[in-house]
Amino acid sequence: MSTSVTGAQVMCEALIRERVDVIFGIPGGAIMPFYHALAGCRDRLHHVLCRHEQGAGHAAEGYARSTGRVGVCVATSGPGATNLVTPLADAWMDSTPLVAITGQVPRSLLGKDAFQEVDITGITVPITKHNYLVTHAEELPYVFREAFFLAASGRPGPVLIDVTKDAQQARLTPNWDVELDLPGYRPTYTGNSRQIRAAAALLKDAERPLVMAGNGVIQSGATAELLALAERTGIPVITTLHGMGAFPETHPLSLGMPGMHGWVHVNRALQECDVLLNVGGRFDDRVTGKASTFAPRATVIHIDIDPSEIGKNVPVAVPIVGDARNVLQALLRELQPRRCDEWLAHIRLEQLQCQQRHRELVRPSGAALMPHDVYAELNRTLNDRGDYRVVTDVGQHQMWAAQLIDWHRPRTHITSGGAGTMGFALPAALGVALAWPNETVWAIVGDGGFQMTNQELSTLVQENVRNVKVAIVNNGYLGMVRQWQQLFENKVYSATPLISPDFAKLAEAHGLLGLTVERMEDVEDAVRRAWQHDGSVVIDFRVEREVNVFPIVPQGKSIGEMLTHE
Ligand SMILES: Cc1ncc(C[n+]2csc(CCOP(=O)(O)OP(=O)(O)O)c2C)c(N)n1
């Protein structure tokens, strides 16, 4: 038997066979054999050295979310592996296809509290779709094949492969002739035709129907089918935070976002609708508010690839398990043209009144720089140019971005929705920028979240990434928490005022262009300079400090009980 390759070389070869071109990580003792092997295939596998494993994980997520392909991150054992826990949880909550590779102590030391030993497979059981501890190099070709298949198929998600150091060092003749053998894993891609006919009948007869588009529409590439369905039936469409971009928001049938920070007219439409078709959304509590009072008059149709989502949060009359694109295609074959003009006019009237009032209420007089001014300018230039992706972090700025930018294309709005992970935006933008070198990637981030992972600016420089433009919406607070303290905790601002460094100087210290904007008159110029500058940029928008995101549905309340102003 030839003993020409190591387990580590097999790992690299497996990645190449899965058509991986870029991986994000940090080396260390237990993963050193893999890194040694990686040096031998630099021309085929590009490794990005991040500054923190959390950054590596989010970068892989950004790559995956913007391309639909599996993102890959790598860490050593122990603290390297535990630093990946947050991105794994994030990917789990947002159904992001990810493969995380970690080194593990040698098999002979397992369970002995060896140096940098952590039971990472044990830790990540609840936040991975599947995970593996590989102790024998011969298992590697099969495990990698299966891991990539699991990460990308059915409902996508993160998979972890933990490989002992001795398995990486062992020599073997790999067997690449692997047949997948997953008897218990059979995702359903086509919906049940009887249920699809039942859904069509409901949509035909409904007086106040509504379509809610979630992440599944984007994941399955069903945007054309969604548009066709809306245009054939005249049914208005609402888009969840992760559904943004699934339906063009300037379309006459687009209503906007529902939920905790959704628009008043959208939440009212949900409370009034008689048939609700949820395509690829999971009825997250940020969408439903108090679930028992959600859409009380609606007969609910739910299309989801994951059967365990159906009926989990909201009772469903017509469950359709399948891939959103397949199911919508089948549904389209059943649907005759119709219109919903009266219902739409009713919602539009409400929208007009609510948005007029909203505009008046959110603008305190004499405010220096309102966050809304920044978004208005970003929205204008993004839509003018079209060649962009936007990554947002978590907090007030994230909700304003969702509300105030018109999202048109799938995979252009990337955010941490399920886990709500501060620190996501900058490293995720790095992953997006490497996947889309010819587009401009805006990272919109708060002063708090930026400080959680801003060391990845250094990675941008090392990688010569020139297309990331960071817009910090700097309000001197952990803004979203401060807002809750103001509204619901009697203005006791406990641990939310935030001192920050001079962010423009921090950018300059990295050799990047740094700009500071304090006046409304300077917003346009700064945004234009950022677009034009051949290199990554950080803009510190110092905005009015105590501005709130409205509407807001207080925690535990029905979405019918929104606060629209202070
Ligand atoms: C890792 C992490 N820690 C804590 C939180 C809780 N949290 C949610 S929003 C928020 C404030 C965010 O502040 P900032 O980044 O400045 O953004 P802003 O809300 O001001 O736009 C915090 C602390 C979180 N979501 N993630």
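Me: How many of the 9 residues of helix α17 are buried?
Reply: The model is predicted, so that local features need pLDDT of at least 70, side-chain atom pairs count only at pLDDT 80 or more, and totals for chains, interfaces and linings use all residues. Residues are numbered from 1 along each chain as its sequence is written, and side-chain values use heavy atoms, without hydrogens and water. Helices (H or I, at least four residues) and strands (E, at least two) are DSSP runs numbered from the N terminus, and buried means under 20% relative accessible area, exposed over 50%, partly exposed in between (1.4 Å probe, protein chains only). Helix α17, residues 396-404, is mostly covered, and the number buried is 8.

Me: Is His413 buried or exposed?
Reply: His413 lies in strand β16. Because its relative accessibility is 5%, His413 counts as buried.

Me: Which residue has the backbone oxygen that the side chain of His413 reaches?
Reply: A polar contact is a pair of N or O atoms within 3.5 Å; within protein, one must be able to donate a hydrogen and the other to accept it, and residues adjacent in sequence count only if both atoms are side-chain atoms. At 3.4 Å, the side chain of His413 reaches the backbone oxygen of Leu241.

Me: Which strands are the edges of the open sheet of 6 strands?
Reply: Two strands pair if DSSP finds at least two bridges between them. The parallel order is β11-β10-β9-β12-β13-β14. Pairing on one side only, the edge strands are β11 (254-256) and β14 (318-321).
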